[in-house]
Amino acid sequence: MTIEIIIQAIVSGLLMGCIYALIAAGLSLIFGLMGIVNFAHGEHLMLSMFFSFWLWKLLGLDPIFSLPIVLSILAISGILTHYFLIRFILKATMLVQICATFGLSIFLRSFAQFLWTPDFRNIQKPLIEGRIEILGIFIGQPQLFASFVCLVAFLFLYLFVTKTETGLALQATAQDYKAAETLGINSNKMFALGWAIGLSCVGIAGSMMSNYYFIFPEVGINFALYAFVAVALGGFGSIVGSLIAGLIVGLVESLGGLLIDPSYKLIYIFIIYIVIVIYRPQGLFGK
Amino acid sequence: MSTNNKISLTQAQRESLWPINVKFLYTIAIAIILLIIFPVFNPQAFHIHLMIMIFLYATMSQSWNVIAGFSGQISLGHVIFFGIGGYTSSFLFIQYGISPWFGMFIGVIFSVIVAVIIGIPILRLSGHYFAIATLLIGFSFQTIFQRWDLVGAASGIWIPLKWENEWFNLQFHDSKVPYYYIFLIFFISIYLFTWILYRSKIGFKLRAVRDDPQAALSLGISVSKYKIIAFAISAGMMSPMGSLFSQYILVIDPDRMFNFEISIIILLIVVMGGIGNVWGPLLGTSLLIPLSEYSRIYFGGTGGSIDLIVYGLLIMLICIFKPSGLISLIPNKIMRQNKI
């Protein structure tokens with residue numbers, strides 16, 4: 001095993017990690033805001049990939065150009081999810097909250113299977129394809145572009161949450177929504193906004209991944225698992241934490257796959273998860 | 001005097017722990033008799049199969065109810081115990097010719113051991129953390145069994161057909177009726193067991209742990225110990241179902257025995273019927289399993305997955321409108337009168 005292969009694995013792990021990080025950031029934002037884990041996160045990712053696919057298939061739009069459309073659809077579906085489901089279970093027990101989002105995930109996944117069959121699809125001849133070589137290391141261009149877009153989205157998300165007034169209102173709601181309400185912040189709107197932003201992150205990640213990944217109804221499960229682990233690793237509710245945790249998950253996945261055996265990658269991720277939640281339940285960056 | 005005191009105390013305890021309504025017992029007895037004589041009416045093979053599936057899922061969801069409903073931990077990977085049970089009994093039968101009855105017993109022991117081993121670290125986690133951990137464990141087990149050549153890896157193994165010693169080999173090729181009775185016996189005994197457990201001291205302690213771990217701890221109930229006990233009991237109840245199911249379909253493979261959907265369906269059943277109540281899983285099963293079996297007939301089993309669409313919708317509706325399950329539709333007064 002040469003040094004190049006290891007660097008290759010590190011690079012592809014980091015590239016994948018950027019995507020995990022953005023997916024995890026959406027999950028983390030929603031959790032930080034209202035203490036609900038979106039178990040349908042992977043299914044939202046799957047939906048965004050399918051939307052990109054159908055926009056390409058039916059209208060000939062390349063995923064790069066359909067990105068704003070997919071993002072808006074996901075944002076709207078986030079708002080709908082809040083108004084039709086989450087609004088009613090905010091004060092319910094945790095079991096009910098888990099079951100509700102889990103029910104949503106089953107519904108979306110089987111509905112996708114019903115509409116589009118379990119077949120694997122992919123977008124042929126996207127605008128960005130092929131790979132480039134830098135110092136003997138091969139990088140897929142779609143992967144590189146996807147990570148770039150994800151990092152830019154991350155930057156915007158971070159600036160939005162920390163610098164704008166709405167973002168600060170969002171943070172205030174996350175800390176104590178009752179106190180925020182006395183300050184004139186409409187917490188219901190903030191929750192809806194949180195869902196819209198959280199799912200937009202997934203929309204971006206899914207739309208970019210549709211460039212090079214297979215698209216099928218069960219595609220979301222693994223990504224959602226990685227996102228759960230990344231969120232636990234980074235600390236529930238911490239956006240910067242989920243970036244670093246996403247990168248770690250990506251690295252562990254690709255290095256573990258290279259050094260030990262790629263088919264057990266879920267188990268390596270599981271081991272990090274267990275170690276982290278037992279010894280540092282607040283995550284690496286949680287308070 | 002002191003002995004008198006003791007007696008009255010135990011009587012009081014017995015009364016508070018064992019309130020039984022005679023009418024309710026008669027209803028159950030009649031239901032059991034009807035179930036026993038059901039095959040006599042020569043029903044179609046499909047109806048026997050439907051009943052077997054109801055017994056299977058009612059028992060599995062009861063097992064999930066013990067960990068989730070009685071002790072409050074939501075396991076999303078409960079299928080691993082089903083898989084361990086199925087794999088143990090089938091593997092012992094194929095390799096060494098050991099009767100599946102004995103294999104089932106070994107499977108229960110394995111499941112309990114695995115439950116304790118994974119329970120010690122992860123039962124310390126609460127809420128979402130535990131749910132995510134079990135989700136990961138479920139998929140990890142499937143991955144391991146998919147790669148394990150000794151047990152047939154991803155393609156699984158067919159259980160060799162034996163035509164003699166039907167009861168010893170637990171294979172019946174002429175009719176499904178013996179399977180019906182075996183599943184029925186397991187169903188009844190596990191429900192009886194849970195009913196007793198629910199009313200036992202352990203049951204009360206488990207519910208105390210579920211409702212308020214801090215208060216339970218302050219009363220001297222070891223929260224982690226009782227959670228592990230509940231997890232082990234739950235695993236031990238799930239495991240024989242895996243053994244029986246693998247003998248019923250006579251093939252084991254990781255995609256069937258460690259199917260993520262089983263974990264989901266038993267969760268849906270319990271939440272729909274009413275979590276934390278002994279009869280909730282039975283109510284949920286009697287609604288959901290016929291729904292899925294009939295939808296399989298009308299829409300075809302592959303791809304369609306109409307049943308899961310309906311399940312998903314139902315579960316969201318239940319969470320919004322009846323978070324305590326359909327069993328809560330029965331008025332409280334009747335529940336109290338009949339002491340169910």
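The contact between the two chains draws 40 residues from chain B and 42 residues from chain A, where contact means heavy atoms within 4.5 Å. This is a predicted model, in which local features need pLDDT of at least 70 and side-chain atom pairs count only at pLDDT 80 or more, while totals for chains, interfaces and linings use all residues. Residues are numbered from 1 along each chain as its sequence is written, chains are lettered from A and ligands numbered from 1 in the order in which they are written, and side-chain values use heavy atoms, with hydrogens and water left out.

Put together, chain B and chain A bury about 3,800 Å², and 83% of that sits on carbon and sulfur atoms. Buried area here is the accessible area (1.4 Å probe) that two parts lose on being put together, summed over both. On the chain B side, B:His128, B:Tyr129 and B:Leu136 give up the most area to chain A, together 18% of what that side buries.

As for charge pairing, the count between the chains is one salt bridge, meaning a side-chain nitrogen of Lys or Arg within 4 Å of a carboxyl oxygen of Asp or Glu. The partners are A:Asp261 and B:Arg147, whose closest N and O atoms are 2.8 Å apart. Over all chains the tally comes to five salt bridges. One of them joins A:Glu43 to A:Arg109 at 2.8 Å, N to O. That pair ties together distant parts of the chain, with A:Glu43 in helix 2 (residues 41–59) of chain A and A:Arg109 in helix 4 (residues 94–116) of chain A, 66 residues apart. Helices are DSSP runs (H or I, at least four residues), numbered from the N terminus.

Axes are lines fitted to C-alpha atoms over the stretch in contact, and angles run from 0 to 180 degrees between N-to-C directions. Nonpolar covers Ala, Val, Leu, Ile, Met, Phe, Trp, Tyr, Cys and Pro, charged covers Asp, Glu, Lys and Arg, and the others, Gly among them, count as polar.

Helix 9 of chain A also packs within its own chain: its axis and that of helix 10 (residues 239–259) of chain A come within 8 Å and cross at roughly 125°. That makes this pair oblique too. The contact includes A:Val229 and A:Leu233 of helix 9 of chain A, and A:Gly246 and A:Glu253 of helix 10 of chain A. Its residues comprise seven nonpolar, four polar and one charged.

In chain B, helix 8 (residues 177–199) and helix 11 (residues 223–249) pack at about 175°, their axes 11 Å apart. That makes them roughly antiparallel.

Definitions and conventions. Helices (H or I, at least four residues) and strands (E, at least two) are DSSP runs, numbered from the N terminus. Angles under 35 degrees count as roughly parallel, over 145 as roughly antiparallel, 65 to 115 as roughly perpendicular and the rest as oblique.
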